[in-house]
2 protein chains.
Amino acid sequence: MKCMDAGSSRAWQLLVRFFFAQRERLPAAGDGLDLSPAQWHVLHLIEPEQPVPMGRLADTLGCDASNVTGLVDRLEARGLVERRASAGDRRVKVLHLTPTGSRLRAQLLRQIAGGSCRLARLSSQDQRTLVRILETLIDDPR
Amino acid sequence: MKCMDAGSSRAWQLLVRFFFAQRERLPAAGDGLDLSPAQWHVLHLIEPEQPVPMGRLADTLGCDASNVTGLVDRLEARGLVERRASAGDRRVKVLHLTPTGSRLRAQLLRQIAGGSCRLARLSSQDQRTLVRILETLIDDPR
DNA sequence: TATTGTTATACTCTATAACTATA
DNA sequence: TATAGTTATAGAGTATAACAATA
């Protein structure tokens, strides 16, 4: 199969290794904030003033809708997000960050930024290239 | 703090998002093999003919020892790994891959290699750059 | 006494299937 | 009928605390 050429295969192997190495450190990142990795991810995905429908969240997370229900239940119980009925289609519920949620998210982003120390050692050019490549990888459908 | 400059912070955020995006897709990778992400990870870590003590596995996974007990219980129930008492210290149990486990692990590695499809769409130059950058990130101590 | 792994317990994450309300 | 979200249920992952066997 042509997707296993040397360059991309090597890059993939490195990404997987880097991914696993960092993954173990991610829960620690949200540790002081009492967030599980999944909650951490959800909070990361909802930007203030930019509400997200639950269905889209399920798509982005790549998990079942029933799962999102529980996830949001817990976040809502902590007063971090709010469900509101969508104006156009009343079956849809959109998620808004509360002020508390917004503040916690900001803390979270600061913690994430703190993890970028290694990346800061890259040259500016490499940083730009990395950003561009990652954007390609993330945006590319499937 | 100087590690929070715009370029590295953006790159880090994208890396984190990419990790999570992949994380949700990992079960799919082991899907045909009926492996959860955690089991996937454990099997990935035990090389044939190179047994691993349970304690070291807990360290590598970054989780509690009690967690490893359950994880290994399920793998052992499927005949993929085997607990054996260590010769030197009989408190320690080392994990060996069974022939079945070894075969499944080989399949797993082939699937991982297949995951490089997205990366194959990058230009050769980008692939080389990505490899170089990732090597820097991984080799750099902490 | 200290360490390795297990057990008991509790909570979160995850999926499937059946259900409700809306379209 | 089809879709968005919920509920019920079950299994896996995770941590803490108490425990057994060994050092």
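Asp34(B) is exposed, with a relative accessible area of 60%; exposed means over 50%, buried under 20% and partly exposed in between, with a 1.4 Å probe and protein chains only. The residue sits in the loop between α1 (6-29) and α2 of chain B, and its phi is positive, near 60°, although Asp34(B) is not a glycine. Helices here are DSSP runs of H or I with at least four residues, strands are runs of E with at least two, and both are numbered from the N terminus.

The model is predicted, so local features need pLDDT of at least 70 and side-chain atom pairs count only at pLDDT 80 or more, while totals for chains, interfaces and linings use all residues. Residues are numbered from 1 along each chain as its sequence is written, chains are lettered from A and ligands numbered from 1 in the order in which they are written, and side-chain values use heavy atoms, leaving out hydrogens and water.

**Another positive phi**

- Glu49(A), which is not a glycine, has a positive phi of about 65°.
- Glu49(A) belongs to the loop between α3 and β1 (52-53) of chain A.
- With 79% relative accessibility, Glu49(A) counts as exposed.

**Helix α5 of chain A**

- α5(A) has 13 residues and spans 18 Å from its first C-alpha to its last, close to the 18 Å expected at 1.5 Å a residue; the expected span is 1.5 Å times one less than the number of residues.
- Its buried residues are Val68(A), Gly70(A), Leu71(A), Val72(A) and Leu75(A).
- The cover over these buried residues includes α3, α4, β2 (81-85) and β3 of chain A.
- Just after α5(A) comes Gly79(A), with a positive phi of about 75°.

**Helix α4 of chain B**

- α4(B) covers residues 65-77, which makes 13 residues, and its end-to-end C-alpha distance of 18 Å is close to the expected 18 Å.
- Val68(B), Gly70(B), Leu71(B), Val72(B) and Leu75(B) are the buried residues of α4(B).
- These buried residues pack against α2 (37-45), α3 (54-61), β2 (81-85) and β3 (93-97) of chain B.
- Gly79(B) follows α4(B) and has a positive phi, near 75°.

**Nonpolar cores**

- A nonpolar core is a set of buried Ala, Val, Leu, Ile, Met, Phe, Trp, Tyr and Cys residues joined through side-chain atoms within 4.5 Å.
- The largest core has 23 residues, of which Leu57(A) and Val81(A) touch the most other members.
- At least two residues of this core come from each of α3 (37-45), α4 (54-61), α5 (65-77), β3 (93-97) and α6 (99-114) of chain A.
- Neighbours within four places in sequence aside, Leu57(A) is in contact (heavy atoms within 4.5 Å) with Val42(A), Leu45(A), Val52(A), Val68(A) and Leu95(A).
- Another core lies apart from it and has 21 residues, among them Ala58(B), Val68(B), Val72(B) and Leu97(B).

**Surface near DNA strand C**

- A residue is near a strand if one of its heavy atoms lies within 4 Å of it.
- DNA strand C is surrounded by 22 residues, the closest being Ser36(A), Asp64(A), Ser66(A), Arg74(A) and Thr69(B).
- Of the atoms of DNA strand C that come within 4 Å of the protein, 70% belong to sugar and phosphate.
- An N or O atom in the side chain of Ser66(A) is 2.7 Å from a base oxygen of DNA strand C.
- For Arg74(A), a side-chain N or O atom is 2.7 Å from a phosphate oxygen of DNA strand C.
- α5(A) gives the most to this surface, with four residues.
- By class, the surface near DNA strand C has six nonpolar, seven polar and nine charged residues.

**Surface near DNA strand D**

- Around DNA strand D are 22 residues, and the closest are Gly55(A), Thr69(A), Ser36(B), Asp64(B) and Arg74(B).
- Sugar and phosphate make up 69% of the atoms of DNA strand D that come within 4 Å of the protein.
- Thr69(A) places a polar side-chain atom 2.7 Å from a phosphate oxygen of DNA strand D.
- Arg90(B) has a polar backbone atom 3.0 Å from a phosphate oxygen of DNA strand D.
- α4(B) gives the most to the surface near DNA strand D, with four residues.

Key:
Polar contact = N/O pair within 3.5 Å; in protein donor to acceptor, adjacent residues only side chain to side chain. Nonpolar A, V, L, I, M, F, W, Y, C, P; charged D, E, K, R; others polar.
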